[in-house]
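Work through the exercises below with the sequence and the model at hand. Each task is followed by a stepwise solution.

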Amino acid sequence: MEEIIFEPRIYQYETCAEFVEHVSPAATDFILTNQYIYEPFFKDFKLPATVVYQEQYGQGEPTDEMVSKLMTEIRKGDYQRVIAIGGGTILDIAKILSVTDDRTLDEMYDQKDSIKRQRDLLAIPTTCGTGSEVTNIAVVNRLSLGTKMGLVSPEMFPTDAILIPELLTTLPEYVFATSSIDALVHAAESAVSPKATEFTKLFSYAAIRKIITGYQKIEAEGKEVLPSLMKEFLTASTFAGLAFGTAGCGPVHAMSYPFGGTYHVAHGESNFVIFTGVFKHYAEQKNEGALIELNSVLAELLDCPIEEVYPALDQLLDKMLPKRALKDYDVKQIELPQFAKNVIQEQQRLLGNSFIPLDEAQVLKIYQSIY
């Protein structure tokens with residue numbers, strides 16, 4: 001059994017200037033980023049690299065149309081490295097660009113076993129939730145299929161994961177909330193995954209402790225304390241990425257994809273809507289083993305009885321981001337069976353990491369419980 005995957009080298013630079021000094025971006029580099037990130041932090045360095053802004057090719061999270069356009073763009077030059085500076089959208093697209101050859105995106109999904117690295121990838125997260133800088137998974141909203149789907153290959157691991165806390169100092173509160181909750185979901189799902197090991201659990205629980213205690217500090221001292229906590233949240237996100245990179249994410253992510261893809265809800269927010277609904281269902285079906293271990297840690301951190309961890313967790317998270325039911329996004333009840341069917345048909349990779357096996361009826365029951 002594989003205990004844990006340590007694939008990318010991990011570096012940390014306190015500032016962007018320190019990163020530029022050590023990494024020396026060159027004319028053979030393809031930088032994928034957002035204009036609102038690049039201009040305040042990197043423009044003054046006048047880097048010789050080709051700089052491409054994701055928003056010029058489409059807005060929001062990655063779609064097959066957006067990624068295909070960027071694949072065409074990177075084929076125009078003989079680039080040696082892709083430098084990805086951004087949130088989950090940027091990092092996921094960059095993983096695909098690092099393996100882009102002459103195939104279409106659909107062909108890469110169909111032929112994922114033959115994917116080969118074409119360019120080195122430096123992954124620099126600017127949120128505290130994706131964990132994508134240390135994983136080999138890229139999630140794309142495949143509009144033709146009506147759902148988000150992961151493309152996975154060992155060739156898609158970043159060469160280097162680079163943490164720069166300075167990049168998070170201007171993170172908007174909503175992005176902080178959705179991304180850090182996403183990291184918490186990564187940590188919780190990987191902690192109870194059947195693929196979890198003692199090594200992955202070290203990172204799962206270290207991430208959970210950092211995130212929960214960080215939220216409690218924000219609750220106690222106010223959101224003005226956020227900038228001083230960004231390094232801790234960034235580290236927690238990478239810890240969670242190391243955990244789920246081996247142990248995997250599960251039904252929370254699987255169930256968030258058709259909902260988030262259909263209603264264009266940000267990934268972290270859609271996970272938040274689903275999160276405790278899945279774990280409450282686990283507790284109803286099999287309240288033992290790894291789930292008891294997780295809930296015991298949560299009860300200790302939240303200072304509540306173990307049977308009250310989910311309401312207490314929801315109450316804390318609600319202070320970071322007010323929680324909404326599915327109906328509040330204008331989801332129709334008649335759509336829930338189709339969502340459940342889609343999960344079973346398209347998300348078996350994620351369902352394989354569920355704490356308990358879930359069939360279509362159980363998935364529908366969870367959707368109904370959070371409607």
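**Exercise 1.** Classify Cys16 as buried or exposed, then state how many disulfides the whole structure holds.

Solution. 
1. Cys16 has 2% relative accessibility and counts as buried (buried is under 20% relative accessible area, exposed over 50%, partly exposed in between; 1.4 Å probe, protein chains only).
2. This is a predicted model: local features need pLDDT of at least 70, side-chain atom pairs need 80 or more, and totals for chains, interfaces and linings use all residues. Residues are numbered from 1 along each chain as its sequence is written, and side-chain values use heavy atoms, without hydrogens and water.
3. The cysteine sulfur closest to that of Cys16 belongs to Cys128, at 16 Å, too far for a bond; a disulfide needs two cysteine sulfur atoms within 2.5 Å.
4. Cys249 is also buried, at 6%, and its closest cysteine sulfur, in Cys128, lies 16 Å away, again too far.
5. The search of the whole structure returns zero disulfides.

**Exercise 2.** Determine how the rings of Tyr11 and Tyr13 are arranged.

Solution. 
1. Rings of Phe, Tyr and Trp (its six-membered ring) pair if their centres lie within 6.5 Å; planes under 30 degrees apart are stacked, over 60 edge-to-face, the rest tilted.
2. The count by this rule is 17 aromatic pairs.
3. Tyr11 and Tyr13 have ring centres 6.4 Å apart and planes at 0 degrees, so they are stacked.
4. Tyr11 is partly exposed at 34%, whereas Tyr13 is buried at 10%.
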